[in-house]
Amino acid sequence: MNEGDSIPELKVTPDKYLPHRYAGASGDFNPIHVDPELARQVGLPGNILHGLYTMAQVARANTAAAGGDPRSLRRLEVQFRGMGVPEQEITVTGTVKEARDGRVVVDTVAEQGGKRIIRNAEAVLEPPV
Amino acid sequence: MPVDDKARGKAYPAHEYEVGREKISEFAHAVGEDNPVYFDREAARAAGFRDVPAPPMFAVVYCAGAMGPAILDPEVGINFMAMVHGGQEFVWGEPVCSGDTISTTAEVKDISERGGMGFYIFESVSTNSDGREVARGTWTNIVRGV
């Protein structure tokens, strides 16, 4: 990967029950993620995705760009903005902003419905030791 | 009104998490991972792992038991109804595999206020039983209307 290159785009549509599966897998059962009725009562459009689920999609896109070995992802920093919802496609895109001595830094964004739900994400990829 | 920052620097006791193969597979499935190394011990060994490795973001699973008490600590004083997860960083070290016991400590790195919002920043440090660091997390929670 060279400076200015795009990483392969990742597209994923979390299904209706994804937040429940992620809640079980991660242990985060905050009702805004699993209870549509309560989520609406606090002013949300319905139950929303866990930010860390969306971060995992950013991690996946970057790991895939590095060849798929989980040991290549050395660092990932994200900012959560807005909110992700189930049943709508998420697109993760990224651009290499630095590539030196095998170390690659990727600027990544996750977008859903025209909104950036993760921005200013920076991934550091290095070949596994 | 400035936020109460008396908990800055407060550290919490280590929490131990024993990593299991089925939990790794469950998590990998939930986040859409399809690399066989997360599901099949033979594939994992062929790729040079001791056992099935955890996907990088599995850090949220082994950190949860350490982060919960820190974020919920009344002395930190987060108003949960107004809290959003603002940002997250992980720096990964040694791979985590099924069978590992991961010990995680949490600390309040900073509490500050900007533009009527409170910023609560926590750091977690996770090590394996050889004492090697596997992940360092920076967790930024933002509370509106402090």
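Biologist: Over how many bridges do strand 1 of chain B and strand 3 of chain B pair?
Modeller: This is a predicted model in which local features need pLDDT of at least 70, side-chain atom pairs count only at pLDDT 80 or more, and totals for chains, interfaces and linings use all residues. Residues are numbered from 1 along each chain as its sequence is written, chains are lettered from A and ligands numbered from 1 in the order in which they are written, and side-chain values use heavy atoms, with hydrogens and water left out. Strands (DSSP runs of E, at least two residues, numbered from the N terminus) pair if DSSP finds at least two bridges between them. Strand 1 of chain B and strand 3 of chain B (residues 101-114) pair in the antiparallel sense, and the number of bridges is 6.

Biologist: Which residue of strand 3 of chain B is the bridge partner of His15(B)?
Modeller: The two strands that pair here are strand 1 and strand 3 of chain B, in the antiparallel sense. Within strand 3 of chain B, the partner of His15(B) is Thr104(B).

Biologist: Which are the edge strands of the open sheet of 10 strands?
Modeller: The pairing is antiparallel, and the order is 1(A)-3(A)-4(A)-5(A)-2(A)-2(B)-5(B)-4(B)-3(B)-1(B). Two strands pair on one side only, and these edge strands are strand 1 (10-12) of chain A and strand 1 (11-18) of chain B.

Biologist: Where the two chains join in the sheet, what is the bridge partner of Gln79(A)?
Modeller: Strand 2 of chain A and strand 2 of chain B (residues 83-92) run antiparallel and are joined by 5 bridges. In strand 2 of chain B, Gln79(A) has as its bridge partner Gly87(B).

Biologist: Which three residues supply 25% of the area that chain A buries against chain B?
Modeller: Contact (heavy atoms within 4.5 Å) involves 27 residues of chain A and 28 residues of chain B. The buried area, that is, the accessible area (1.4 Å probe) lost on putting the two parts together, summed over both, is about 2200 Å², with carbon and sulfur atoms giving 62%. The share of 25% on the side of chain A, more than any other three residues supply, comes from Ala25(A), Pro70(A) and Arg71(A).

Biologist: How many residues does strand 2 of chain A give to the side of chain A that touches chain B?
Modeller: The rule for a salt bridge (a side-chain nitrogen of Lys or Arg within 4 Å of a carboxyl oxygen of Asp or Glu) finds 1 across the interface, and Arg75(A) forms a salt bridge with Glu89(B), the closest N and O atoms being 2.5 Å apart. At least two residues of the touching side come from each of helix 1 (18-26), helix 4 (51-65) and strand 2 (73-80) of chain A, the helices being DSSP runs of H or I, at least four residues. Strand 2 of chain A supplies the largest share, 8 residues.
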